[in-house]
Amino acid sequence: MKFQKVSRLRGEITVPGDKSISHRAVMFGALSKGTTKITGFLRGADCLSTIACFRQLGITVEESDDTILVHGKGLHGLREPAAVLDTGNSGTTTRLISGILAGQNFKSVLNGDASIQKRPMRRIMTPLSQMGASIRSMKDNDCAPLEITGSPLHGISYPSPVASAQVKSAVLLAGLYADGETSVKEPAVSRNHTELMLKSFGADIRTEGLTATIRPEPVLCGMDILIPGDISSAAYFIAAGCLVPDAEILIRNVGINPTRDGILRVAKEMGADITLLHEKNTGEPVADLLIKSSPLHGVTIGGDIIPTLIDELPIIAVMAAFAAGTTIIRDAAELKVKESDRIAVMTENLSAMGCDITATDDGIIINGGRPLHGALIDAHLDHRIAMSFAVAALAAEGETEIKDADCVKISYPGFYQDLEKLYDM
């Protein structure tokens, strides 16, 4: 797919529903008594993988144009799947469902695409095994496919070495089936949708500082869930609004959960003109975001803010490439084990566009402000890379072509159409 520089962006959009919340709404609804009605569900490939897995586990999921109905069967209502559970490209599905399957009374096998088969699963295998789970990497390489034989579980207090919502959630979900309290302490706060949502469904869960604790065997009850727009998807339009000279973009109904809003904090520190409008809280804080063209400058990004913007670092790197001065991103080694090695891929592709960029062991150093030019971009089948360079192309001279551009269907199937609306206004 090819892109050209544009001189203005105008209009308003509504980005798709939050991916993290969409996954969890289906999972927690399946473990509840009664029906969960989900509005605003993200119909990206990752979230559809979650639906497909729970259907194999005996859960009826009805889909219509604007709602998803999950007919839950309670904590112990899942059935043994007749075939391998295919999680596609979804690390969230793979890791969270492992915690649920660990406490069942049957055997299951999880597998996904080539990317999933390279992503590290030892980070969940270790705590789940400490709880008594029988979980093994079938290729003995700490990656999928995973074979999980349901076992009696006991509660643990787990000091997680990484601030990861997927690790935390896998352990807490296994804790639903344990014989006592289970707690996870993180080195920094990761996104807290699991804690907020499980509590809404009826779980006995509490958070104190960096520690989340859950008690076993609650009765979860189906509920109505309205999913806000995904801030990770909004991030591309935040960047585009800043970088294109004559831009004013209104992004409606975006989730601004403080464990996810690092992109807003960093963008404002870089000089972005962002105004939050119509703020409200209906279980998750939400606002409209008004973005206007802004001259940006370099910043240093690291420490506890990293887990709040880990998925947005590729587009932040694009913003940094056009910003005056130097941007340093550190403490982000987690980028190496995403859908691609995002440190290497961002360095490769921004260099091809003329950016002065250097990869480090745990991040990137970008000397910004140089004019960038179009290039052939290899997205490495990574949706966030493809979307980031579609935005970079709007502010670069000449033509940019993105290889594997359709990988955006993983999280934002209508991304290119929404982007085109803004420069066709």
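Is Ser-233 buried or exposed? In this model, which is a predicted one, Ser-233 has a relative accessible area of 3%, and because buried means under 20% relative accessible area, we call this residue buried.

Let me place that residue for you. Ser-233 sits in helix H7, and if we leave aside residues up to four places away in sequence, the residues that Ser-233 touches are Val-15, Pro-16, Ser-411 and Tyr-412. Lys-19 lies 214 residues from Ser-233 in sequence, yet the two are 9.1 Å apart in space, C-alpha to C-alpha.

Now to the nonpolar cores. The largest of them has 83 residues, and the ones with the most contacts inside it are Ile-251 and Phe-415. Helix H7, which covers residues 231-243, gives the most to this core, with ten residues. Phe-415, again not counting residues up to four places away in sequence, touches Tyr-236, Phe-237, Met-387, Ala-390 and Val-391. There is also a second, separate core, which has 61 residues, including Met-27, Leu-31, Met-131 and Ala-178.

My last topic is a pair of helices. The axes of helix H2, residues 45-56, and helix H3, residues 91-101, come within 10 Å and cross at roughly 25 degrees. Since angles under 35 degrees count as roughly parallel, that makes H2 roughly parallel to H3. The crossing in which H2 passes H3 is right-handed. On the H2 side the contact is made by Asp-46, Thr-50, Cys-53 and Phe-54, and on the H3 side by Thr-93, Ile-97 and Ile-100; by type, the residues of this contact divide into four nonpolar, two polar and one charged.

Note on methods: Residues are numbered from 1 along each chain as its sequence is written. This is a predicted model: local features need pLDDT of at least 70, side-chain atom pairs count only at pLDDT 80 or more; totals for chains, interfaces and linings use all residues. Side-chain values use heavy atoms; hydrogens and water are left out. A nonpolar core is a set of buried Ala, Val, Leu, Ile, Met, Phe, Trp, Tyr and Cys residues joined through side-chain atoms within 4.5 Å. Buried means under 20% relative accessible area, exposed over 50%, partly exposed in between (1.4 Å probe, protein chains only). Helices (H or I, at least four residues) and strands (E, at least two) are DSSP runs, numbered from the N terminus. Contact means heavy atoms within 4.5 Å. Axes are lines fitted to C-alpha atoms, for helices over the stretch in contact, and angles run from 0 to 180 degrees between N-to-C directions. Angles under 35 degrees count as roughly parallel, over 145 as roughly antiparallel, 65 to 115 as roughly perpendicular and the rest as oblique. A crossing is left-handed if the near helix is turned anticlockwise from the far one by less than a right angle, and right-handed if clockwise. Ala, Val, Leu, Ile, Met, Phe, Trp, Tyr, Cys and Pro count as nonpolar, Asp, Glu, Lys and Arg as charged, and the others, Gly among them, as polar.
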